[in-house]
Amino acid sequence: MPCNYPPSEVISIITESGEYMVGVVCSEHKSIVSERIEQRQEHGAIPNGKIKFQEIKMVTTNCMKTY
C-alpha cells in the first residue's frame, strides 16, 4: 500500500568500501524500514554496514519563467 507521507530522510548503508544510497523514507515508517534493511543484511541481499538516516533539506524557489 503506498504511503501518503512525504519523504523526510535519505537512507544509506556505510560499508568499508563506501556509502550506498538505499532509498528515502518518511518519518512515520523509519523504524519499519530500518528493521527490513537489517533483515535483508542478514540474508545477504544488502551489504552489511551501518544504516545512516540523513534528513532531507527542502529547497524552494519562486517560479522561473523564460521569455
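A salt bridge here means a side-chain nitrogen of Lys or Arg within 4 Å of a carboxyl oxygen of Asp or Glu. By that cut-off, this predicted model holds 2 salt bridges. Local features need pLDDT of at least 70 and side-chain atom pairs count only at pLDDT 80 or more, while totals for chains, interfaces and linings use all residues. Numbering runs from 1 along each chain as its sequence is written, and side-chain values use heavy atoms, with hydrogens and water left out.

**Lys 30 and Glu 9**
- Lys 30 pairs with Glu 9 in a salt bridge, with the closest N and O atoms 3.4 Å apart.
- This pair links distant parts of the chain, 21 residues apart: Lys 30 sits in helix α1 (residues 30-42) and Glu 9 in strand β1 (residues 9-15).
- Helices (H or I, at least four residues) and strands (E, at least two) are DSSP runs, numbered from the N terminus.
- Glu 9 is buried at 13% relative accessible area, whereas Lys 30 is partly exposed at 31%.
- Buried means under 20% relative accessible area, exposed over 50%, and partly exposed in between (1.4 Å probe, protein chains only).

**Glu 19 and Lys 52**
- A salt bridge also joins the side chains of Glu 19 and Lys 52, at 3.3 Å from N to O.
- Here Glu 19 in strand β2 (residues 18-25) and Lys 52 in strand β3 (residues 50-55) are 33 residues apart, another link between distant parts of the chain.
- Glu 19 is partly exposed at 44%, and Lys 52 is partly exposed at 27%.

**Gln 41**
- Gln 41 belongs to helix α1 and is buried, with 10% relative accessible area.
- Leaving out residues up to four places away in sequence, Gln 41 touches Ile 13, Ile 46, Pro 47, Asn 48, Gly 49 and Ile 51 (contact means heavy atoms within 4.5 Å).
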